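Please keep the sequence and the structure in view while reading.

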Amino acid sequence: MNYDNTSMERLGIIRQQCAAYREESPHPSRPHIETAVDNETWNRIHSHFQELLSAASDTNNDSGREGTVPQIPLQMAALTDLCVFVRNAAAMDRGNQDKSSSAGIVDDIIYTIKLAAQHDIAYSEAANCAALAGQALSNMVTGNKKLQHMLVEKELTSNSSLPSETAYWYLLASTSNKAVISGLVLILNNLKGYAGLTKMFCSSQAGKALVAVIGERFGESEDDEAEEKTLLYAILSGIIECKCLELVLTDELVPKVCGLLDALAVYCNSNSDPAIYNRVSTNDLLQTINAILASCSTALLRIFRSSNEAETIASDDIMDMQSIMVVHHALGSTISIIGSITTDMLPALVARISESNLVQQTIALLGLLSRQLPRIEKASMRINDSQTSSVADSVAHLFMLKRDLIQILGNVAYKNPVIQDRIREQDGLALVLDHMRIDENHPYIKEYAVVALKHLLEGNNASQEYVRHMGAIDTVQDPRMASAGLYTRLGEDGRLVIARDQHQHQQQQ
């Protein structure tokens, strides 16, 4: 479609009219302008949208022909002006939301987003148009449950098998950061305070795909202060609070899952109310977390077995670094989550954890790491300096996880005889005792083991007798403590006690 002079003149006229609408849109800086927009004006705005979108669609279809491409910037600029009018009017007067929707403006904005996003690389006007269209749509649905529901149903239900055809996806996939931000704000405002809609969003195939993108972006973002990461977390925390995370979280060890786990870890770490942990830690979520731990254990075992020297991980050649980093990411976040929710548990959460296989998986994972990453009692036995930093960092990370797993066992055992017994019967107590020795890879792991052991033994005669029978206390004396005149003993109540000198230690035997 080649534009003749008449068509160009018409485009120029529309462009001027749209610019006038923008200048006359309701805004705090223009108090003299009536905030409520009448139906007649909305119908005219709709007519302008329709004419521009029809012309832009023809231009888009014939963009390879001479004389058509130069029209795109003008078309996008005119559409941008209309979007600004809609954005301002919807923000200034909530009555404008329903009026504009009745005039067909929602569909106009959605089409504008999809059309503009296709040209955001070649034309800055198109990128700006997509961003402003996203802002307009966001303002139209904010606080309006009817329109929120309509938009989610329209975009996700009708595009359930094609998530890439949704307006949300077009914005998030844009090369323009401004458009991406507007897409995130749109999703946030669309779901905010509406648990039923959040569930609908996360239950649809398109919604799951969108949450996966959001999760992956969150996991990859390293700037905690960036606006994008703040919005990503706001969306994910809303999903967590609505107990919908289990609808999108899987046990796949892939970046999107790592990002979702990161968000849950941040959420748990930033909240210290046991009631919150109890609310979000549903049976389904605990089952998924348990499955992720199992997947991590399987992946680690496969990596260890593929090495020629699995006991010490001594060379870059025997490590699949890409695989190990994904496992580390997922494992680190999962353990952080478990550590947070087990710190101060309500009885209901204790019961759910007791019924799950979480304790068994924690013990199995600690056992795996203990076998493959043995204790090093001399600094000279550490991995040599010639190794790459990536290998050294990955191994150090695994050693740190042993500490966290020991802490989790202590948390879940706190004043809980049932779990104390289960940990002992599944050799978890023996594993904790085994870490009450010097380890140059983690000099303070013994202190974590001491605290965990206190919780494992307190009030549990069977576990206390188990420790005495093994003679474990005598075998875990630290030479560094001995040189300072300090010794460990087991008190009558099952608590570990530090004796101040050799004479005091001998008196209490």
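## Cysteines

Cys83 has a relative accessible area of 0%, so this residue is buried. The model is a predicted one, and a search of the whole structure finds 0 disulfides. For Cys83, the nearest cysteine sulfur belongs to Cys129 and lies 5.0 Å away. A disulfide requires two cysteine sulfur atoms within 2.5 Å, and Cys83 is in no disulfide.

Cys242 is likewise in no disulfide. Its nearest cysteine sulfur is that of Cys244, at 5.4 Å. Is Cys242 buried or partly exposed? With a relative accessible area of 24%, Cys242 is partly exposed, because the term buried is kept for values under 20%.

## An aromatic cluster

A pair of aromatic rings is described by two quantities, the distance of the centres and the angle of the planes. The structure holds 4 aromatic pairs. In one of them, the ring centres of Tyr21 and Phe85 are 5.7 Å apart and the planes stand at 75 degrees, so the pair is edge-to-face. Tyr21 belongs to helix H1 (residues 5-23) and Phe85 to helix H3; the pair therefore ties together parts that are 64 residues apart in sequence. Tyr21 and Phe85 are both buried.

Phe85 also forms an aromatic pair with Trp42. Here the distance is 5.6 Å centre to centre, with 70 degrees between the planes, and the pair is edge-to-face. Trp42 lies in helix H2 (residues 39-61) and Phe85 in helix H3, 43 residues apart, so that distant parts of the chain are linked. Trp42 is buried, as is Phe85. Through these ring pairs, Tyr21, Trp42 and Phe85 are linked into a cluster.

## Ala77 in helix H3

Helix H3 (residues 71-92) also contains Ala77. Ala77 counts as buried because its relative accessibility is 17%. Ala77 and Ala19 are 58 residues apart along the chain, and their C-alpha atoms are separated by 8.7 Å.

## Packing of helices H11 and H14

How do H11 and H14 lie relative to each other, roughly parallel or roughly perpendicular? Helix H11 (residues 205-220) packs against helix H14 (residues 255-270) at an angle of about 70 degrees, and their axes are 7 Å apart. The two helices are therefore roughly perpendicular to each other.

On the H11 side, the contact residues include Val211, Gly215 and Phe218. On the H14 side, Pro255, Gly259 and Val266 are among them. By class, the contact has 7 nonpolar, 3 polar and 3 charged residues.

Technical notes: Residues numbered from 1 in each chain as written. Predicted model: local features only at pLDDT ≥ 70, side-chain atom pairs only at ≥ 80, totals over all residues. Heavy atoms only, no water. Helix = DSSP H or I, 4+ residues; strand = E, 2+ residues; numbered from the N terminus. Buried < 20%, exposed > 50% of the residue type's maximum accessible area, 1.4 Å probe, protein only. Axes fitted to C-alpha atoms, helices over the stretch in contact; angles between N-to-C directions. Parallel < 35°, antiparallel > 145°, perpendicular 65-115°, else oblique. Contact = heavy atoms within 4.5 Å. Nonpolar A, V, L, I, M, F, W, Y, C, P; charged D, E, K, R; others polar. Phe/Tyr/Trp six-rings, centres within 6.5 Å; stacked < 30°, edge-to-face > 60°.
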